[in-house]
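Biologist: I have not looked at this one before. Can you walk me through it?

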Amino acid sequence: LNRPSMLQGAIVGMTVCRLWISQGAAAAPGTVKHCERVTYFASFASQLCRFAAASYLCELVMLAVPERAPAPALYDHLVSSLDAIGRARQPVAVAIASELGALSLLGLTPTFDRCAECGKGEIAAPARFVVESGGVVCPACLSKKDVGPGGRTVVKLAAGTLAFAKTALDKPVGSLCNARVSSGLGKELMRLLLLYKHHHLQIELRSARLLQGCLRRDTR
Ligand SMILES: [Zn+2]
């Protein structure tokens with residue numbers, strides 16, 4: 001980071017660029033004809049927690065979207081999230097909130113406001129989130145025995161965690177710059193998101209450990 005480049009600029013953590021790519025033959029890769037920098041985030045190069053939060057979201061989009069698959073809404077969400085991380089009071093909180101929004105744009109919205117199995121509304125806290133069902137589950141559905149081989153992965157969520165997750169799904173990420181999580185809430189949601197991504201997307205983010213380290217640092 002910050003190593004002087006041959007272009008007399010500096011390497012910055014994340015840059016949004018517009019590329020003009022000429023299409024090659026059907027199977028050949030295209031050639032970059034022109035590149036224009038739209039914006040960059042200077043604070044990511046010097047502030048570890050902002051860099052960790054930004055890396056986490058970029059890695060999520062990189063792994064969750066197949067190469068060359070258009071996902072304009074998700075990329076717009078990513079750029080808004082990077083901008084919010086640059087201004088955030090607690091970058092880790094914005095990263096977690098933004099990840100929930102990204103999952104929603106991928107068609108994998110986790111359910112926090114009603115039972116994911118029978119649709120019954122308002123689940124009392126602490127709620128039980130069933131990863132395989134994609135949301136919180138009411139006591140009646142949770143006690144059903146017909147869960148198939150392997151059983152279910154159940155994560156207990158406190159009232160504060162449910163409230164944070166609902167807000168993150170309801171509001172645009174740009175309005176969440178002042179969002180904060182406690183150490184316990186952050187850990188609970190990060191663990192849930194790790195299991196959720198593993199089951200529904202079969203991915204694991206390498207930058208998750210870096211973000212966990214920043215969660216400890218940010219909530220001391
Ligand atoms: Zn139910």
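Predicted model: local features only at pLDDT ≥ 70, side-chain atom pairs only at ≥ 80, totals over all residues.

Biologist: Fine. How many helices and strands does the chain have?

Modeller: The chain has 7 helices and 5 strands. Their order along the sequence is β-β-α-α-α-β-β-α-β-α-α-α.

Biologist: And what share of the residues is buried?

Modeller: Of 220 residues, 39% count as buried. As for contacts between residues at least 6 apart in sequence, 65% join residues at least 24 apart.

Biologist: On to the metal. Which residues are the protein donors of the zinc ion?

Modeller: Cys115, Cys118, Cys138 and Cys141 are the protein donors, each through its SG atom, and they lie 2.3 Å from the zinc ion. Along the chain, the spacing of the donors reads C-x2-C-x19-C-x2-C.

Biologist: What is the arrangement of the 4 donor atoms around the zinc ion?

Modeller: It is tetrahedral, because the angles between the 4 donor atoms run from 105 to 115 degrees. The ideal angle for four tetrahedral donors is 109.5 degrees.

Biologist: Is cysteine 138 buried or exposed? What about cysteine 141?

Modeller: Cysteine 138 is buried, because its relative accessibility is 2% and the cut-off for buried is under 20%. Cysteine 141 is buried too, with a relative accessible area of 3%.

Biologist: Change of topic. How do helix α1 and helix α3 sit relative to each other?

Modeller: Helix α1 covers residues 48–64 and helix α3 covers residues 91–105; their axes come within 9 Å and cross at roughly 10 degrees. Angles under 35 degrees count as roughly parallel, so α1 is roughly parallel to α3.

Biologist: Which residues make the contact?

Modeller: From α1 there are Cys49, Arg50, Ala53, Tyr56, Leu57 and Leu60, and α3 supplies Pro91, Ala95, Ser98, Glu99 and Ala102. Sorted by class, the contact has 8 nonpolar, 1 polar and 2 charged residues.

Biologist: Now the backbone. What is the peptide bond from alanine 125 to proline 126, cis or trans?

Modeller: That bond is cis, with omega near -5 degrees. Proline 126 lies in the loop between α3 and β3, the latter being residues 127–130. Most peptide bonds are trans.

Biologist: What is phi of arginine 68?

Modeller: Phi of arginine 68 is near 70 degrees, which is positive in a residue other than glycine. Arginine 68 belongs to the loop between α1 and α2 (72–87), and with a relative accessible area of 65% it is exposed.

Biologist: And phi of glutamine 202?

Modeller: Phi of glutamine 202 is near 55 degrees, again a positive value in a residue other than glycine. Glutamine 202 sits in the loop between α6 (183–200) and α7 (208–218). At 60% relative accessibility, glutamine 202 counts as exposed. Most residues other than glycine have a negative phi.

Biologist: What is leucine 201 in contact with, leaving aside neighbours within four places in sequence?

Modeller: Leucine 201 is in the loop between α6 and α7. With those neighbours set aside, leucine 201 contacts Ala64, Leu103, Leu106, Leu108 and Tyr196. Leucine 201 and valine 65 are 136 residues apart in sequence, and their C-alpha atoms are 9.9 Å apart.

Biologist: Last topic, helix α5. Where does alanine 163 lie, and how far in space is it from aspartate 113?

Modeller: Alanine 163 lies in helix α5, residues 159–170. Alanine 163 is partly exposed, at 43% relative accessible area.

Biologist: What about threonine 167 in that helix?

Modeller: Threonine 167 is in helix α5 and is partly exposed, with a relative accessible area of 34%. The C-alpha atoms of threonine 167 and alanine 179 are 9.8 Å apart, and 12 residues separate the pair along the chain.

Biologist: And aspartate 170, buried or exposed?

Modeller: Aspartate 170 is exposed, because its relative accessible area is 65% and the cut-off for exposed is over 50%. Aspartate 170 is found in helix α5.

Methods. Residues numbered from 1 in each chain as written. Heavy atoms only, no water. Donors = N, O, S within 2.8 Å, 3.2 Å for Na, K, Ca; no water. Tetrahedral: all angles 85-135°; square planar, octahedral: opposite > 155°, others 65-115°. Buried < 20%, exposed > 50% of the residue type's maximum accessible area, 1.4 Å probe, protein only. Axes fitted to C-alpha atoms, helices over the stretch in contact; angles between N-to-C directions. Helix = DSSP H or I, 4+ residues; strand = E, 2+ residues; numbered from the N terminus. Parallel < 35°, antiparallel > 145°, perpendicular 65-115°, else oblique. Contact = heavy atoms within 4.5 Å. Nonpolar A, V, L, I, M, F, W, Y, C, P; charged D, E, K, R; others polar.
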